[in-house]
Amino acid sequence: MDMTAQDARVLETDIAVIGAGPAGLAFARALAGSGLGVTLIERSPEAALANPAFDGREIALTYRSQHLLRELGAWEGIPSEQISPLREARVLDGGSPFALTFAPGRQEGAPLGVLVANHLIRRALFTTVREAGCADLLAGVAVTSVETTPKEGTLRLADGREIRAQLVVAADTRFSGARRQMGIGARMHDFGKSMLVARVSHEKPHGGIATEWFGHGQTVAMLPLAGDTSSIVLTLPARQIEALVAMEPEAFDAEVTRRTAARWGELRLSGTRHAYPLVATFARRFAGTRFALLGDAAVGMHPVTAHGFNLGLAGAHRLAAEIRGALARGRSIADPGALLRYEMAHRRATWPLFTATNAIASLYTDDRAPARVLRGAVLRLGAALTPVRRLVTAQLMDAEAA
Ligand SMILES: Cc1cc2nc3c(=O)[nH]c(=O)nc-3n(C[C@H](O)[C@H](O)[C@H](O)COP(=O)(O)OP(=O)(O)OC[C@H]3O[C@@H](n4cnc5c(N)ncnc54)[C@H](O)[C@@H]3O)c2cc1C
């Protein structure tokens, strides 16, 4: 990455990408070989990008995402022993012994998807961007303002520098500052709960089965990792999550063993604990004049259906393809038609999942009696309707390329 760029006060580039998270990195890498100058601006220091710390997120990757990561040269950067197959997913409701099961058809025999820790995906994407030499990186500095005109886009950085770009792409979290600066609103759904994620070892094997369990007053998911280890995902009001994060490890072990009714035997914390507020966001527009939103900045999903990064990766691929198409037709890389096509295709691919995910998350975190009855019925109905189950499984496996 070009370090001489660090000194200049005004920098010119073709595409300025705000945020070197997984979506920003994937997008920059997808443009490798296009001949375009891409500048990534990231507020975290470079060391945190090159070697990101474990952040508790275990990302369920669909087949399509695995394929895209392979194309980007990132897949081989993920150690194979850190890729955990997801053989089956079960949904349980309260104390009911009834389980709705999602498993691949017998003839397929392949897992539903795989789980990979988010920090390993970030590291692999950063490495492939660096090795491809496809972007200049300005790390450790935040973008403070964004402005675009029909002629160009201008970013101001916290250290006083300015960047002028043909196109500005914002991949700066679901609470995107650039989105706000550009006057683009977003639907926000605050679930009023937080999510705790941590790795735990347990006595009984998980069999590669992910379990989502909607107990009264809490939601627990156990995501199967290597050996007798899982990622526990607990959804509770923020105050209770804070208490769980602050608890002594032994007390935490006892508490999560109790909360999982010892289904997996005794649980033992085997790493750091992380908390995330549950707010889903959907931008009202994904594109504007010389401007596009990407990743969580466009669509910030509730994690329950494990689609956020999968959609972000598909969006990065889509936007890069539109830009390459515009270039091939001799058009501007900020061609309004190309940006509109990206917006429409990405909206079509994400809106149904976004609304369905919010409905599921709301139904399963509502402990009022009607909701309890309804979700029991939904589970049984889903089980009775084999085509519905097949459809959900196909979605999980991304059988239809998004
Ligand atoms: C608990 C949990 C579990 C999840 N599980 C799954 C799953 O199973 N499957 C799945 O597909 N997805 C999952 N997700 C979602 C996934 O983690 C996100 O969709 C993904 O990280 C979004 O990537 P991003 O690059 O858009 O944003 P981020 O990861 O938020 O990165 C944005 C980057 O922008 C930088 N930035 C922000 N503002 C500025 C600024 N002003 N200037 C410069 N830089 C800036 C930030 O420092 C950051 O590095 C999960 C999320 C959570 C919280």
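Analyst: Let us begin with helix 1 (residues 22-30): 9 of its 9 residues are buried, so helix 1 is largely enclosed by the rest of the structure. Buried means under 20% relative accessible area, exposed over 50%, and partly exposed in between (1.4 Å probe, protein chains only). Helices (H or I, at least four residues) and strands (E, at least two) are DSSP runs, numbered from the N terminus. This is a predicted model, in which local features need pLDDT of at least 70 and side-chain atom pairs count only at pLDDT 80 or more, while totals for chains, interfaces and linings use all residues. Residues are numbered from 1 along each chain as its sequence is written, and side-chain values use heavy atoms, with hydrogens and water left out.

User: What covers the buried residues of helix 1?

Analyst: The cover includes strand 1 (10-18), strand 2 (38-42), strand 11 (162-170), helix 4 (118-132) and helix 8. Among the buried residues of helix 1 are Leu25, Phe27 and Arg29.

User: Helix 8, then. At roughly what angle do the axes of helix 3 and helix 8 cross?

Analyst: The axes of helix 3 (residues 63-71) and helix 8 (residues 308-328) cross at roughly 45 degrees and come within 10 Å. Axes are lines fitted to C-alpha atoms, for helices over the stretch in contact, and angles run from 0 to 180 degrees between N-to-C directions. Helix 3 and helix 8 are therefore oblique to each other; angles under 35 degrees count as roughly parallel, over 145 as roughly antiparallel, 65 to 115 as roughly perpendicular and the rest as oblique.

User: Which residues make the contact?

Analyst: Helix 3 contributes Arg64, Ser65, Leu68, Leu69 and Glu71, and helix 8 contributes Phe309, Asn310, Leu313, Ala314 and His317. Contact means heavy atoms within 4.5 Å.

User: Changing topic: is His206 buried or exposed?

Analyst: His206 counts as buried, at 13% relative accessibility. His206 lies in the loop between strand 12 (186-202) and strand 13 (209-215). Leaving aside neighbours within four places in sequence, His206 is in contact with Pro224, Leu225, Gly227, Thr229 and Ser230.

User: Which backbone oxygen does its side chain reach?

Analyst: The side chain of His206 reaches the backbone oxygen of Thr229 at 3.4 Å.

User: Lastly, where does Arg331 lie?

Analyst: Arg331 lies in the loop between helix 8 and helix 9 (336-364). Its relative accessible area is 48%, so Arg331 is partly exposed.

Notes
A polar contact is a pair of N or O atoms within 3.5 Å; within protein, one must be able to donate a hydrogen and the other to accept it, and residues adjacent in sequence count only if both atoms are side-chain atoms.
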